[in-house]
Amino acid sequence: MLESSDKMQTEPVPQIEIAKPHVVSVRNLVEFVLQAGDLTTGGFHKRDRAQAGTHGHRQVQRSRPQEYQSEVEIDYQVEGVDPPMEVRGRIDGLYASEEPVIIEEIKTTTLSLELVTEDHNRLHWAQAQCYAYMYAQKHSLSGVRIHLTYYHLDSRKEKTFERHFSSAELETFFRNLITSYLDWFRKISAWQVRRDQSIQQLEFPYDEYRSGQREMAVAVYKAIRAKDRLYVQSPTGVGKTIAALFPAVKALGQGLAAKIFYLTAKTPGRLVAEKALDDMRQANLQFRSVSLTAKENICFCPPVNCDPEVCVFARGYFDKVKRALDEMDQHQDFTRPVIEEIARQYQICPFEFSLDLALWADCIICDYNYVFDPRVYLHRFFDFSTEPYVFLIDEAHNLPDRARAMYSAELDKGTVLDLQRTLKPHLPKLAKKLSVVNKVLLEIRKACQADGRDVLIEHEPPERLLKAIREFSQKAEDWLALNLPAEFRQELLEFYFLCSNYLRTAEYFDTFYVSYFERQGQTDLKAKLFCLDPAPMLAVPLERSQSAVFFSATLLPIDYFMKLLTGDVDYPKRIFQSPFPQENVCLLIHDQISTKYARRADSYAAIASAIETICRIHVGNYLIYFPSYVYLTAVLELLRDKLPDKQLLVQERAMTEAEREAFLSRFSNSNQETLVGLAVMGGIFGEGIDLVGERLIGVVVVGVGIPQLGLELDLIKEYFDLQAVSGFAYAYQYPGFNRVQQATGRVIRTETDRGIIVLIDDRFTHARYRHLFPSHWRGYQVVQNTDGMKEKLTRFWARA
């Protein structure tokens with residue numbers, strides 16, 4: 001139980017405000033009730049379609065006479081309904097002095113106006129009728145004229161349809177619309193009452209808090225209540241997932257949050273969050289959650305093609321989805337299997353269904369990109385809403401690198417040339433535009449070659465290249481917008497999206513960006529806009545939350561992560577201790593072996609000998625982590641002479657999901673012989689695997705994890721050197737040591753686990769590394785030879 005003023009169960013809980021109206025926008029109201037037919041994007045849309053549509057609206061509004069009013073906000077309190085409801089919207093155009101009053105609804109289109117009829121889209125009329133009714137009610141009018149105007153974005157011509165509606169006609173239409181919506185919303189409202197009551201009564205779902213768990217839960221709750229951000233370093237064993245979710249759920253029940261976004265980097269994080277919510281449901285919580293899976297992974301008709309002529313799950317989607325949404329009465333945890341089962345039952349797209357479920361869910365479990373990536377973030381939540389959202393960012397140590405990738409963009413000359421050759425026989429004018437892009441890249445490559453350089457680095461946007469890409473993209477848009485079938489269409493579309501991302505990224509270019517061109521092979525060239533510091537770019541999506549909590553078992557040094565994620569702002573931070581008995585682990589540092597690159601070859605034999613010694617002392621399952629495949633392979637050859645092949649298990653490059661599962665399944669509690677797994681630090685087995693108990697009794701880490709020297713890391717180093725911090729630490733040391741921490745975190749997973757950790761590298765005893773050690777490493781011992789290591793390990797296992 002939480003105590004004193006920090007006790008969430010005894011926080012003053014506001015009574016449910018029955019009189020507070022539910023607010024719905026005109027657009028959402030109309031789309032929910034009236035949208036029908038197929039799920040389709042309507043074909044290709046230009047990159048700047050939304051921006052062009054906004055500009056088109058303004059063009060029409062500016063062309064109107066002086067008495068014309070634009071963007072008129074309006075709201076209407078629906079009478080005689082329970083729960084209370086308020087409808088809000090914005091009228092595009094209003095002639096208030098006309099008799100009768102004229103309300104104009106403006107829609108932009110790229111479809112030929114000859115093909116746009118009066119009944120082109122009933123949702124357009126419905127939105128206008130809602131505005132007309134609301135305005136008529138507010139001003140006691142007997143009738144309203146509606147102008148539905150279509151503005152063609154290319155020709156800049158207009159086509160207007162006019163209808164007159166009496167107030168009685170408008171009232172009948174609006175009441176029918178509201179009635180249909182209320183049938184659904186009363187169910188949602190009743191659910192929310194039950195949910196909030198269950199949250200008020202919810203106790204912590206386990207018998208007791210682990211050490212540090214209650215304190216973390218209180219810190220998270222306080223951050224949400226204060227509308228603040230919080231950083232939490234919480235070692236394995238604290239139970240950080242429930243310590244983040246439990247107080248967030250409590251806060252939501254008290255009206256401090258409208259929705260929780262639980263953001264993860266990998267599948268294991270999603271599964272742990274789903275289990276934590278399920279454990280709370282076992283304690284009588286009523287709470288709906290949905291897990292989002294990438295479209296390409298959950299699609300029933302791969303490769304993804306949402307054409308209703310091709311995909312039965314897109315065909316008639318909006319006619320079927322409301323019946324599928326009724327399944328919310330039967331489920332609370334919409335995991336991937338549940339979503340797929342319901343989607344197949346109703347023959348609807350599982351990805352779109354998951355997004356529609358998310359609108360009514362209390363918690364959304366999803367990858368970082370659904371919040372942070374400018375290409376795929378959830379527009380339906382973040383473009384217009386001002387709801388109080390809470391972001392719980394799990395394994396936050398992964399976010400800096402993921403964010404750098406989201407906010408960077410690249411092209412390569414080889415792809416440009418291949419596409420140019422493909423297009424030339426079919427679309428020669430477009431191919432010619434692409435040849436200009438190729439020419440710019442070729443000139444840059446030749447300039448690098450002439451100067452004897454492999455890389456050209458610029459701190460300004462590459463304007464000549466951007467101009468060529470922009471002209472190609474505009475020409476490509478014109479053809480893609482025709483939606484014509486062609487063998488090369490997919491290849492062109494994929495390259496167009498690469499160009500769009502490059503152009504979009506160029507718009508962000510600032511002092512924390514760099515442009516570089518790198519020669520590759522004999523003829524190729526990579527052009528990249530590289531984000532050096534993700535914090536300025538993360539600032540905008542983080543503003544979409546009312547509160548954000550960054551937490552991880554390896555968020556050290558915490559000031560480093562704070563700078564990369566939120567810049568120089570000093571937010572609250574908490575560092576918790578490991579709850580596991582320190583005597584359950586034997587942590588050794590072998591400081592007489594150097595794994596520095598220049599001396600690496602000299603270390604192979606000593607490392608193989610150390611691994612043999614460690615694994616022969618006590619039978620069990622071990623994981624050995626190397627800094628690279630090359631290093632792993634070199635030591636493996638020597639190990640084959642020391643250990644039987646059947647005891648060696650090697651991580652291969654590009655393993656499939658099935659191969660990964662087979663690898664992990666070999667780590668069994670029932671193994672009678674020693675198993676030695678060899679893996680790469682920072683790879684697929686470097687974090688996010690849970691080998692409890694006898695499934696893993698020892699980890700050996702070879703080296704301090706420093707990534708291989710490279711151009712991008714050097715650029716990061718140079719950037720942070722200018723920021724008055726250690727560029728080497730930010731680019732190489734800290735990311736490398738994080739890999740070490742993740743690897744060592746695999747061995748002790750519960751309070752009853754016992755195991756060994758051996759760190760092999762003389763640098764681990766240097767001060768610049770020792771000051772990074774988490775507190776639960778304070779009992780480490782240094783060994784200087786195989787005999788010393790053997791003696792300490794033998795003594796440890798003898799205490800078992």
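How many salt bridges does the count come to?

## Salt bridges

The count comes to 45 salt bridges, a salt bridge being a side-chain nitrogen of Lys or Arg within 4 Å of a carboxyl oxygen of Asp or Glu. The model is predicted: local features need pLDDT of at least 70, side-chain atom pairs count only at pLDDT 80 or more, and totals for chains, interfaces and linings use all residues. Residues are numbered from 1 along each chain as its sequence is written, and side-chain values use heavy atoms, with hydrogens and water left out.

One of the salt bridges joins R64 to E158, with the closest N and O atoms 3.0 Å apart. Because R64 lies in the loop between α2 (49-62) and β2 (69-78) and E158 in strand β6 (residues 158-166), the pair ties together parts that are 94 residues apart in sequence. Helices (H or I, at least four residues) and strands (E, at least two) are DSSP runs, numbered from the N terminus. R64 is buried at 17% relative accessibility, whereas E158 is partly exposed at 35%; buried means under 20% relative accessible area, exposed over 50%, and partly exposed in between (1.4 Å probe, protein chains only). R64 and E158 also belong to a network of salt bridges that includes E104.

## Further links between elements

K187 and D326 form a salt bridge with an N to O distance of 3.1 Å. K187 lies in helix α4 (residues 167-201) and D326 in the loop between α9 and β10 (333-334), so this pair ties together parts that are 139 residues apart in sequence. Both partners are partly exposed, K187 at 31% relative accessibility and D326 at 34%.

In the salt bridge between E352 and R380, the N to O distance is 3.9 Å. This pair links helix α11 (residues 350-358), which holds E352, with helix α13 (residues 379-382), which holds R380; the two residues are 28 residues apart. E352 is buried, with a relative accessible area of 17%, while R380 is partly exposed at 37%.

## Charged surface patches

K429, K432, K433 and K475 form a positive surface patch. Patches are made of residues with over 30% relative accessible area and no salt bridge, like charges being joined within 9 Å and nonpolar side chains (Val, Leu, Ile, Met, Phe, Trp, Tyr) within 5 Å. Lys and Arg count as positive and Asp and Glu as negative, while His and the chain ends are not counted. Helix α16 (residues 428-450) contributes the largest share of the positive patch, three residues. K432 is placed in helix α16 and is exposed, with a relative accessible area of 62%.

A negative surface patch is formed by D38, D307, E309 and D319. D307 lies in the loop between α8 (295-298) and α9 (317-325), and this residue is partly exposed at 33% relative accessible area.

## Cysteines

The structure holds zero disulfides, a disulfide being a pair of cysteine sulfur atoms within 2.5 Å. For C349, the nearest cysteine sulfur is that of C306, 5.7 Å away. C499 is likewise in no disulfide, and its nearest cysteine sulfur, that of C448, is 20 Å away. C349 is buried at 10% relative accessible area, and C499 is buried at 1%.

## Buried helix residues

L565 lies in helix α20 (residues 558-566) and is buried, at 0% relative accessibility. L565 and E694 are 129 residues apart in sequence and 37 Å apart in space, C-alpha to C-alpha.

Y730, in helix α25 (residues 727-744), is buried with a relative accessible area of 9%. From Y730 to I748 the separation is 18 residues in sequence and 28 Å in space, C-alpha to C-alpha.

Methods: Accessible areas come from the Shrake-Rupley method with a 1.4 Å probe; for residues, only the protein chains shown count as cover. The place of a charge is taken as NZ of Lys, CZ of Arg, CG of Asp or CD of Glu.
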